[in-house]
Amino acid sequence: MAGHAQKEIPDVIRDVKRMKDYQKGKFLGKGGFARCYELTDATNLKVLAGKIVSKSLLVKQSQKEKMQQEISIHRALDCKYIVGFHGYFEDTDNIYILLELCRKRSLMEMHKRRKYLTEPEVRYFCRHLIYGCQYLHENRVIHRDLKLGNTLLNDAMELKISDFGLATRVDHDGERKKTLCGTPNYIAPEILAKSGHSFEVDVWSLGCIVYTLLIGRPPFETNSLKDTYKRIQKNEFCIPNNVAKPTSNFIRRLLSADPSQRPSMFKMLDDDFFRGYT
Ligand code: ADP
């Protein structure tokens with residue numbers, strides 16, 4: 001980002017308040033704002049992932065608020081299927097978020113390498129995603145940006161939902177969120193319509209993930225964001241004939257234009273799709 005030079009991150013990072021040092025290790029990846037590195041806790045040699053955000057990038061008030069929202073939501077979560085939150089601190093240059101290390105990258109890299117996953121593989125990862133989302137929705141959190149790159153994998157190939165930068169809390173039953181600052185990857189039609197959205201947007205994104213993993217490309221893909229949004233608004237997608245009936249029916253239910261017609265995360269595992277042979 002021009003004009004906002006990011007300083008080099010030092011090899012030893014100090015949490016001054018807690019008197020703790022972390023040794024910076026392998027580079028893990030880069031996001032919209034963050035750079036991620038392996039960080040080794042000098043006291044117990046535990047290796048974590050450090051999500052490091054340069055304060056020079058948090059210029060607008062809305063960006064600062066988003067960062068605070070991400071930390072405040074993520075730090076309260078504790079579930080096997082959500083990337084563990086191990087604390088945060090800052091120095092003059094950066095904000096550091098300590099996360100459970102997921103060494104096996106994400107479903108994004110797996111999709112790029114493999115293009116198609118098999119149905120049993122998709123069922124396996126989809127179950128983990130659903131368990132994570134059940135926990136989130138029980139705790140009144142909507143993720144709002146579920147996508148392949150936000151589903152990290154640990155050494156045991158267990159899926160962990162990450163990146164709560166667009167997440168929000170539902171304050172009262174039946175509340176419909178009216179605004180979302182940012183551009184979710186698998187954006188639901190009711191977000192585009194600004195008609196009010198809630199938990200069902202995560203179900204929509206899950207439908208897009210299942211479609212992409214099985215069919216090899218996203219359901220509403222075009223050459224431009226504008227055309228993609230048009231297709232989403234018209235609910236225009238097709239499922240190839242070779243996809244098994246229970247599977248295509250499952251995808252169609254998740255990608256219902258009307259959010260109330262989508263199954264909730266709690267009902268989803270009853271679907272015939274999950275009665276396959278694994
Ligand atoms: P941003 O919020 O700026 O988009 P992300 O949270 O997506 O940043 O992190 C950027 C990249 O760092 C990810 O795409 C991933 O490759 C890597 N990464 C993030 N969190 C972890 C983690 N807990 N373990 C391993 N790698 C991670």
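A quick definition to start: helices here are DSSP runs of H or I with at least four residues, numbered from the N terminus. Please keep in mind that this is a predicted model.

1. With that in hand, have a look at Lys194, which sits in the loop between helix H4 (189-192) and helix H5 (200-215). Lys194 is not a glycine, yet its phi is positive, at about 55°. Its side of the story is simple: Lys194 is exposed, with a relative accessible area of 62%.

2. Where is Leu45 found? Leu45 is in the loop between E3 and E4. The hairpin of these two strands has five residues between them. Leu45 is another residue that is not a glycine and has a positive phi, here about 60°. Leu45 is exposed, and its relative accessible area is 62%.

3. Strand E3 (residues 34-41) deserves a moment of your time. Seven of its eight residues are buried, so the strand is largely enclosed by the rest of the structure. On one pairing, E3 runs antiparallel to strand E2 (residues 20-30) over six bridges, and a hairpin of three residues joins E2 to E3. On another, seven bridges join E3 to E4, again in the antiparallel sense.

4. Arg35 is a handy residue for tracing these pairings. Arg35 of E3 is the bridge partner of Lys30, and in E4 the bridge partner of Arg35 is Ile52.

5. Turning to the ligand, which residues come nearest? Of the 17 residues around the ligand, these are Phe33, Ala34, Lys51, Glu100 and Cys102.

6. Several polar atom pairs are worth checking on your screen. A nitrogen atom of the ligand lies 3.0 Å from a backbone N or O atom of Cys102. An oxygen atom of the ligand is 3.1 Å from a polar backbone atom of Gly32. For Asp163, an N or O atom of the side chain is 3.2 Å from an oxygen atom of the ligand. On its own the ligand has 550 Å² of accessible area, and the protein covers 85% of this.

7. Finally, helix H1 (residues 61-74) has 14 residues and spans 20 Å from its first C-alpha to its last, close to the 20 Å expected at 1.5 Å a residue. Its buried residues are Gln63, Met67, Glu70, Ile71, Ile73 and His74. An α-helix has 3.6 residues a turn, so residues three or four places apart point the same way. The buried residues of H1 pack against several strands, including E4 (47-54), E5 (85-90) and E6 (94-99).

Note on methods
Residues are numbered from 1 along each chain as its sequence is written. This is a predicted model: local features need pLDDT of at least 70, side-chain atom pairs count only at pLDDT 80 or more; totals for chains, interfaces and linings use all residues. Side-chain values use heavy atoms; hydrogens and water are left out. The expected span of a helix is 1.5 Å times one less than its number of residues. Buried means under 20% relative accessible area, exposed over 50%, partly exposed in between (1.4 Å probe, protein chains only). Contact means heavy atoms within 4.5 Å. A residue is near a molecule or strand if one of its heavy atoms lies within 4 Å of it. A polar contact is a pair of N or O atoms within 3.5 Å; within protein, one must be able to donate a hydrogen and the other to accept it, and residues adjacent in sequence count only if both atoms are side-chain atoms. Accessible areas come from the Shrake-Rupley method with a 1.4 Å probe; for residues, only the protein chains shown count as cover. Two strands pair if DSSP finds at least two bridges between them.
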